[in-house]
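This report covers one chain.

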Amino acid sequence: RFHIINIMDVANACYWNAVELNNEGVTNLEAGRFEEARSTFQSSLMLMKFALKQEGQRALGSVESTQGAQSQQAPEDSSATSYEWSSNPSEDTPVNGKESPIVSCTPGSTELDLSGPFIYRRALRIYYPTLTSIPSELIEESAVVLYNYALAHHLEGTPSSQDKARSYYELALTILGGQRVQLSGNHLIETAILNNMGQVCHELCDFCASQHCFGRLHNVLSTIANSCMESYFDANDWQGLLTNLMLPQP
């Protein structure tokens, strides 16, 4: 029984530290400190993975415990986990001391730069005000950190970082398993991932993949519009998402 409790404590500690590191990475991302952001997101992912591994061992130990023993598993309350989009970094935000090569939409402006596909630039913070036990699968949390990690590479704007961003966006979408995970204010992380995957594929001249992403994005945005949820998006962000649906493919 002592071994089970110890594993649960380790899993919880890893989870809370992973969440704190994710939120620290978002702050770095907002300030244009992309190198620091990537480092903290990477550490968050490692801890999230370790927490999931420890949670799996704890669950197995709980099942194998004697029938009369009292369960040490705290009740899951994954619904208590909530998320919040970050501020929208301006294109003028320095990237590690240099001007950002990525341009999309300036916050507070009514104009979009139509020279290329729009990038959804907001990262996600994780909050857990009433969470008493870590979720058993960490699907949403893992996808959120992966999306943030991908965005930190994406906004760097170099060819190598674009390749990495695409890989992490794809992995985040795979983890979600096609689910449309509703976040605070009915934001959908799938929207951000599909939009940015379409953008980065376009930049990498994989126009077939880009068109496929934007086609899926169209379906998601139609669902959002039919549910009258577009008001949960910033007006410039929503305009940018719609603009990508009309992007001509070479």
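Of the 250 residues in the chain, 48% are buried. The model is predicted. It holds 7 helices and 2 strands. From the N terminus on, the order of elements is α-α-β-β-α-α-α-α-α.

**Helix packing: H4, H5 and H6**

Helix H5 (residues 189–203) packs with helix H4 (residues 159–176). H5 also packs with helix H6 (residues 207–226). The table sets out both pairs.

| Pair | Angle | Axis separation |
|---|---|---|
| H4 and H5 | about 150° | 9 Å |
| H5 and H6 | about 155° | 8 Å |

Start with H4 and H5, which pack at an angle of about 150°. H4 is therefore roughly antiparallel to H5. The crossing of H4 past H5 is left-handed. On the H4 side, the contact uses Gln-162, Arg-166, Tyr-169, Glu-170, Ala-172, Leu-173 and Leu-176. On the H5 side, the residues include Ile-189, Ile-193, Asn-196, Val-200 and Glu-203. Sorted by class, this contact has 10 nonpolar, 3 polar and 4 charged residues.

Now take H5 and H6, with an angle of about 155° between them. H5 and H6 are therefore roughly antiparallel to each other. Their crossing is left-handed. H5 brings Glu-190, Thr-191, Leu-194, Asn-195, Met-197, Gly-198, Gln-199, Cys-201 and His-202 to the contact. Among the H6 residues are Phe-207, Cys-213, Phe-214, Arg-216, Leu-217 and Ile-224. By class, the contact of H5 with H6 has 11 nonpolar, 6 polar and 2 charged residues.

**Cysteines**

How many disulfides does the structure hold? The count is 0. A disulfide is a covalent bond between the sulfur atoms of two cysteines. Cys-201 is in no disulfide, and the nearest cysteine sulfur, that of Cys-213, is 4.8 Å away. The cut-off for a disulfide is 2.5 Å between sulfur atoms. Cys-201 counts as buried because its relative accessibility is 1%. Cys-14 is also buried, with a relative accessible area of 9%.

**Ser-44**

Ser-44 lies in helix H2 (residues 34–64). Is this residue buried or exposed? Ser-44 is buried, because its relative accessible area is 0%. Leaving aside residues up to four places away in sequence, Ser-44 touches Ala-18, Leu-21, Asn-22 and Val-145.

**Arg-122**

Where does Arg-122 lie? Arg-122 sits in the loop between strand S1 (82–85) and strand S2 (124–127). Its relative accessibility is 14%, so Arg-122 counts as buried; the limit for buried is under 20%. Residues up to four places away in sequence aside, Arg-122 touches Trp-85, Ser-86, Ser-87, Asn-88, Tyr-147, Leu-151, Asp-234 and Asp-237. Val-26 is 96 residues from Arg-122 in sequence. In space, Arg-122 and Val-26 are 8.8 Å apart, C-alpha to C-alpha.

Conventions: Residues are numbered from 1 along each chain as its sequence is written. This is a predicted model: local features need pLDDT of at least 70, side-chain atom pairs count only at pLDDT 80 or more; totals for chains, interfaces and linings use all residues. Side-chain values use heavy atoms; hydrogens and water are left out. Axes are lines fitted to C-alpha atoms, for helices over the stretch in contact, and angles run from 0 to 180 degrees between N-to-C directions. Helices (H or I, at least four residues) and strands (E, at least two) are DSSP runs, numbered from the N terminus. Angles under 35 degrees count as roughly parallel, over 145 as roughly antiparallel, 65 to 115 as roughly perpendicular and the rest as oblique. A crossing is left-handed if the near helix is turned anticlockwise from the far one by less than a right angle, and right-handed if clockwise. Contact means heavy atoms within 4.5 Å. Ala, Val, Leu, Ile, Met, Phe, Trp, Tyr, Cys and Pro count as nonpolar, Asp, Glu, Lys and Arg as charged, and the others, Gly among them, as polar. Buried means under 20% relative accessible area, exposed over 50%, partly exposed in between (1.4 Å probe, protein chains only).
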